[in-house]
Structures are given as C-alpha cells and as structure tokens.
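Welcome! Please take a moment to look over the model shown here before reading on.

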Amino acid sequence: MTTNTARDGASTAATTGQAEPGRGTSVRLQDLTRAFGTTRALDGLSIEMAPGELVALLGPSGCGKTTALRIVAGFETADTGSVLVDGKDISSVPAARRDMGMVFQSYSLFPNMSALDNVGFGLRMRKIGAGERRKRAGDLLDMVGLAPQASQYPHQLSGGQQQRVALARALAIRPRVLLLDEPLSALDAKVRLQLREQIRTLQQQLGTTTLFVTHDQEEALSMADRVGVMSNGRLEQIAAPDELYTDPATAFVAEFVGVMNRIPGELRGDGQVAALGSTIPVRGHRPEDTAVDVLVRPEGLRLEVVENGNGIVTTRTFLGSVTRVHVRLSGDIAVQVDKPSAESAALAPGASVAVSLPAQPVLVAARRVS
Amino acid sequence: MAGTVQAPGPVTGPGAPGSEAAADPGPPARLTIPKLLRGLRRAAGVVPFGVYVALFLIAPLVAVAIGAFQGNDGGFTLSNVNAATHGVYLKGFWQSIILSVITSVIPGILGLMVAYAIVKAEGGNLLRQIAITAAGVFANFGGVPLAFIFIATIGSSGLVSQWLTTLGFDPYTHGFTLYSLLGVVIVYLYFQIPLMVLVILPALEGLRPAWREAAENLGARTWDYWRYVGGPVLLPSFLGCVLLLFGSALSAYATTEALTNGTIPLTAIQIGSFLNGNVIAGQENTGKALGLGMVVIIAVAMVIYVAMQRRAAKWLR
Amino acid sequence: MAAVTQAAPERIAPPRRPRVVFKGATVWRWVVLIVAAVYFLLPLWAALRFAGIGAFGSVISQPGFTSSLALSVRLAILTTLITIALMLPTTVYVHLRLPKLRRLLEGITILPIVIPPVVLIVGVLAIAPGFLKGTSWLLALAYVVLAMPFTYRALDAGLRALDLKTIVEASNSLGAGWLSTLWRVLLPNLRTALLSATVLCVALVLGEFTMASLDLYQTFPVWIYVNSQTSGQVSVAASLLALFVTWIFLLGITVLGTRQSRKTGGGEVTLFTVARTETRGN
C-alpha cells in the first residue's frame, strides 16, 4: 500500500538530519485530539506525510480538517498528540517560528502593502535586505504569473490574483511545509480550475511537502498524491485518489467521493446480501441490522432494455461520452446509471429496463429511512 | 454636480481637418439645455436637504462670519477680530487649543486600548453589547450632570478625596484641585474616551484575524504585526477619531462652565457669556469674531489631519 | 472481515496540555478593562453616596421637574421626526440616483460635528426670523442639524447593507409604485438603522445643554443646572437618574433591535457606526 512506502521514505529523511529547505521534509500528525467544549473536533488523527507529498484533507464542514491544519500551523494547540516535522516534535514551537507557509481561504493579504511588499513580508521578518527581498519577491510573483501587478494593492486585484499573491507570499520564505486552508473556495469556477493546476505544478516543481484542506472532492482528487477523508474528527481513509474511488473503505467515503446509489437489500448470515433479485458477497463493515442499503456506483450497475423489466427510465441526459439515465425501480427506488453513450441509444424516458448488480463484492450501509 | 455636464470636445469625424486615423471618441458631449434640465430634475430629490442645510447650517455660519467684521453701526470693522485675538480672548484661544489637544490625544490612546481590550476579551457578545451601550451613554453624558458627579467624587469634599485623606494624603493640601485645567482634563476623559471607543471599535473589528495569522505564519511577532500591518491599517481611522475628539473638546461648554464658573478662560464659555449678556456694551460682535475663530481653528485642524494622513501613508510603506 | 480488532493500546498517553494558556496579553487586557470600569463607575457610586437615596424621591417633586422633562421629551420627539423625515428620503435618493454625491453628503454631515454648537446657536439666533425666535420650534430645527451626522451614518450603514438598486428594481418590476416601495420594502429593511437613528437623536436631545441654555429654554439638562444653585444633592440625583434612564433606554433598544434583526437574519444592532467600516467584499 502507498502508505508503507511513504513511511519508509519518511524515516530515511529523519535519520539524515537537516532536510533541505523545501525538499524532503516529512510531517507526522500523531494521535491529535482536540475538543471544543463537548464537541470533539479531532478524535485521534494520525497521518504520515512523505517528503514532497501533497496530502489533501477532504471532508464536510465540521469534520475537523481545518482544526488539524491549524494545529500543524501552530494557531491551535491539540489537547493530546503531537506534530513532528522531520522527526522533531514541534508542538511547543510558536507559529511564527515553524517555518511553514500558509495560504488562507480569502482576503489574507495585508491591505496596506503592494503585492510585492506582501510577498516580501516573510523575508523582511527574516531580516533579509531590501534589495534581495525585492528580487526574490519579484521572482515569485513571476512564477505565479503576476509580475506586472507587483505594485498593485490587494483591493485592486481580483480574487484569483489575490490568492496567487498569497501563494507567492507563502512560498517566498522557502517553507519546509506548505499549508493551504481551502484556498480556492471563495473563487469562481473557472478561476478555481486554473489555480488548481498552478498550485499543483508549483508544488511539484518545488517539491514542498503540502497539506491541503478542502471540502470539494474534485479538487482533492485531481490535485493530491493522497487524500484523507475525514468525518467527525476521525480519518475514515487515506489513500491515492483512484483507490479512494474504486476501493472505498467505509460507506461514508464511498458516498462522499463520487456518486453512490443506495439500493435496499437484506443481509444474510453467510456474508452475502440479497438485493435486486441477486445475492452478492459483502465487503467491509457489516451493520447490525439486516435491513441495509447496497452501495453501487452509477457505472457499476448493469442496465438492459427488456420488456417487463424491473424499472422504467425517468430521465436521460447526454453528457458527451457518457449518458446518465435515471431509473425508477419497482418498490419506488430511484437509481442513477451511467453508460457509454454508444450503448445508450435505446434508453428513452419511459423505456422498460432491467437493472442488476454485478457479481463483485459490494459495500453496504445501514438502511437510510427517508 | 448633479447630472453630467461636460465641456464641448474637439470636433472630430471623417471630414474634419487634421483628424487622424486614431479611434474616433464619438460625438462630442455638449452642454445642452435638455441635459441641464435633466440634471436639475435629478437633483430635485436632494433639494429639501439642501435648503435645510443652507438655512440652518450655512446661513448661521455666514451670519457669524459677517458679524465678526461688523461694527455696532453695521459697517465693516476689524475691531472685533482685533479684540478677539488679544488679551483674555487670546488666552482663551490658547487654553482651548491646549486643552483640546491634550483631551484628544490622551483619550485617543486610552480609548484605543480600551476598545482593543473589548474586542479581544472573551466575554463574548454580552460584554461587547454592554460595553458599547455604556460607551454610547457616557459619550453623550457631559455638561452639568457630569461636573456634579465629579465634584461628588474628587471635589474638595468628594468621596475619593475623603478616602485619600483618611489614608493620610489630602490631595487638596498638595495643590490639586478639581477646579483647574488638570481637573477639567480628568473630567473630559469621561466622555472623550467612550467617544473614541465607539468610533474606533468598527475599525478595530475591521482588522481581519487572517492578517494577524498570516503575519505570524510568516514570522512576525506581536510588535512586527502592529508596526507593519495593524498600525498602518488603523492609522487613518485613529487620526480621524482624534480629530473628532479635538472638535468635541473644543466645543465643550457646559462641563467647564459648571466646574470653573468662568475662572478658566475658554473660548466656548466666552462666546456663551456674550449671549448671556455678561459683556461690556458695544462689543457684542466680538462674540461672533470668537465664533469665527473657533471655526478657523477647526478648519486648520482638519487640514492638518488630511496632511498627516497623506504623509503617514508614505511613511509606513 | 480481517481480525484487526486489537486491545486498546497500552501506551502511556502524553500529558494533557493545560487548556488555559496564561498569556501576558490576556492579563493586560483585563487590567485595562478593570481600570476603565473603575474610572467610569466610581464617580457614579460617589455621586450616589453624596446624593443619598432620599434625594431621588424629592427630585420628582421639585418645581420645574415635570415641565422641563416634558419640554425635553417634546423636543426629542420633534427633532427625531424632522430629522428622519429629512434624512431618510435624501439618503435613499442619493444612494439610488446620485451615488457620486455620497462623498459630498458625507462631508456635509461631518460639519455639524466639528462646528461647535455654541457657534451654531449664535448664528441661528442672529438670523432667525422673529416669528420663530420665541418658540421651541427653533431649537428643534437647530437640533436637527446636530443630529444629522449620526442619523446619516446610521441610515447610510443600513442602506449599504442592502443591495438597494436591486431591491427597488425588483419591487418596481413587480408593480409597486414609489410610495409602496418605500413603505413596504425599504422601511422594514431599514428598521435597525431607523432604530439606531432614533435612539441617537433622542439621546442627543435629552442631553443637550449648550444650545438650550443659550436659547433660554429650560430643558431637562438646563433645569438640572439651574436647580444646582439651590440643592446640590437633588441635582446630582437628577443627573444620575438621567444617566440611568438613558442607559436603560439604549440597552433596551439594542436588545430589542438585535432580537428583531436576528429574526430577519441580520446581525446585531450597532448603534454607533461613526467610523467608516471597510467593505468586506465576498
């Protein structure tokens, strides 16, 4: 599994001592817990980040991902657990001395400074001379494509431009770790896509270990080396994006990442579940109750046009290479089926179809009462 | 002002002599009757306000300005202005200015500290609401009631004076008296600090936490943050507030009147005594000259404020 | 399922970090607040001791109490009505039709703050026509000028929170005329701002001394002053009473207003927004 190889990489870096700034910094979150009053924001979070890796923390709001990030940055302290950078515990190091670069969600640029001065701020704090500062800040603005805007003030820049300046500012200090707190959430869709690529490219170029927090799964899946899905302060699964999609470990991950159909079924004692007229093996966690929902991806369902099938097509949407079909099954169950458009000619609304489950092991979850 | 009035532009167009192949800016905008009428119609909505301001703000000021130069016979004279800038009236101006500067800068700084404490304190919303309403009440609380309350506190037989006496230190035998400039300063703080708090609070809350955190993340300590980010961002508001306090202190009348009964010459009180008729006959318009003087002082203060703002923006780059 | 169930790890958990971090800054902050509280509350306490509880009772029975209070209240109501009747349409109009004038309007409304009321009353008395001079109407009209800055700011803040143009256009497109729009759409949305403006006007008038005394009208503050010559204790008691009533009034309005605005999804009611708030683009 990917985590194993990553762990080996981390331990080698730790034994070699001083890691090169921006290259080869490993980060380890160990058993972090944090409670706000009675709510447990973090419930024993442990993650190992390999040098140069981009790990995304993905989850709904309130799952604890931002808290985790802020603990790494030093703006919050964990109740228990520690953060280790290159093997050293930095939990007691104040935020200003952690040598990490952070990009906030929005409007974090200092309004009284030009873009160039903003980017050079961290360098000023490190007592780097004005000339050198200007040069390095200029280089970084160039890297994010904003050299012409160097003397402009934040209020003169668009949201996307501001975030690029924020990124340049965080990278100017050549941080060991880059932290991104939902940096694209406040931007519109087109800008978001552009920035996504730019961040990823820059990060890979510089080889900076990066922790990226987001609630947008598309963002996480397209940018990260590994994605950690969180819910209620716990890490549900951390794996490479494709593994997350094809092999979700829990029902939560399965439903959070991509679309999942829920089809009622009955658990049988022999580790199988009966649904849609077939019996298939169950994988993963088995709920207590025998009344369950079977979780299947839209492209995982089998669909054929037959007379007197178990369902009727309600809508059909052409999406290019894929056609999305909504089917109402007997028992008033609605499912979404994605099929290659080449095979979908006969799927008009009203058509009678047969929907069946493939023979592979499926995930099940406790039945949701609507 | 209202509507768009543009000077006639150069005549351009294909046939015009000297026209280049550069982009044609379009037909020239000319001041036409319809445009003017339309502009006037649009301005109609603010006419009531304009009339009111003209009648009750501009006209009185003009009357004061004119009266300052009017002799008793109605003719133009500089004697009023002359009287206003000498002797006890000159002293009044000086004292007023000094008093106002002291009671705008000190409460400015103190008020900033209090406001900052309120913003950062963890009492949540309740503390904030209480503090704001208290500040609102105290800012408007001045004049006679305030003077009396302080007399009851640190007057010669005030509560605190008595406490200190029983502790062995009677302030009044050591030269302190409430009925002096120092006493007036102490009392002025009572409404100047809340005014400062009220006015600077929104500006303080406008300091985004993200700025503080970003600065920290980049290695800034508390001092660095205030020096490079917090201070510069806050400075314009702070200066504006101090100006407000200056005007407020200069205008304050009742408090000092009640405290000092005219023993300390202050311009505001001197003007008042003209209206009360406690003046030498034949010098009525001197009061108007004093009034004009006050307006001039405040105008100068505003000019200084604008200049300082511009300069400060450059310093802190 | 794989047998991954293990016994709870028998590690020694690392020591729990203390939740309350005692920073120097926090201590300093509370010191400031406590000193401020003492400075503001001690004089009140001293005044209370000085006046004695008995004085409060006799305040109400003093000659001139009711008449001066009634005058002040009347002036307050009058001033508030005139001010709002003047400022509301103007501010709405400027916001809607003449946005370029906003700066000018702001500048004009700053003037009364920096023009000393003493000077103003001198000028007003100099130009007032005879028929107005003897009435309290003159004073009310002059008060409107004093109230202008705060009223404008309260209304301006309230209007800026609305997307005025869009709301008015939407209202018009659904068939509402101007009066209807003003009454049914704008006023309800400006309730908080209007409340602030009202409270500020009332507080201002109830506390105003300079102009009233020089215009020779015995409003409540003037009455307190005049009365002080005879009985210091009663005056102090009256002052405390005025302060307390104003405070209760403001607090009540703020709480009520906040509850009201929370119902409609607004934030808390801020009475005093004299400084310009930076627009938080979103």
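This is a predicted model: local features need pLDDT of at least 70, side-chain atom pairs count only at pLDDT 80 or more; totals for chains, interfaces and linings use all residues.

Residues are numbered from 1 along each chain as its sequence is written, and chains are lettered from A and ligands numbered from 1 in the order in which they are written.

**Chain A as a whole**

Chain A has nine helices and 20 strands; helices (H or I, at least four residues) and strands (E, at least two) are DSSP runs, numbered from the N terminus. Along the principal axes, its C-alpha atoms fill a box of roughly 80 × 45 × 40 Å. Of its 370 residues, 44% count as buried, a term for residues with 20 or more other C-beta atoms within 10 Å of their own, with C-beta atoms placed from the backbone. Two residues are in contact if their C-beta atoms, placed from the backbone, lie within 7 Å. Among the contacts in chain A with a separation of 6 or more, 67% are between residues 24 or more positions apart.

**A sheet in chain A**

Five strands of chain A form an open sheet in the order β15-β19-β16-β17-β18, with antiparallel pairing; strands pair if DSSP finds at least two bridges between them. The edge strands, each pairing on one side only, are β15 and β18. From one strand to the next, the twist averages 40°. Four bridges join β15(A) to β19(A), and A:Arg302 has A:Ser356 as its bridge partner in β19(A).

Here are some of the elements of chain A described in this report:

| Element | Residues |
|---|---|
| β15(A) | 302–305 |
| β18(A) | 333–340 |
| β19(A) | 352–356 |
| α3(A) | 115–125 |
| α4(A) | 130–143 |

**Two helices that meet**

The axes of α3(A) and α4(A) come within 9 Å and cross at roughly 120°. Axes are lines fitted to C-alpha atoms, for helices over the stretch in contact, and angles run from 0 to 180 degrees between N-to-C directions. Residues of α3(A) including A:Leu116 and A:Val119 meet residues of α4(A), among them A:Ala137 and A:Leu141.

**Where chains B and C touch**

How many residues of chain B are in contact with chain C? There are 67, and they touch 66 residues of chain C. Helix α2 (residues 47–68) of chain B gives the most to this side of chain B, with 12 residues.

Definitions and conventions:
A residue is buried if 20 or more other C-beta atoms lie within 10 Å of its own, exposed if 12 or fewer, and partly exposed in between; C-beta atoms are placed from the backbone.
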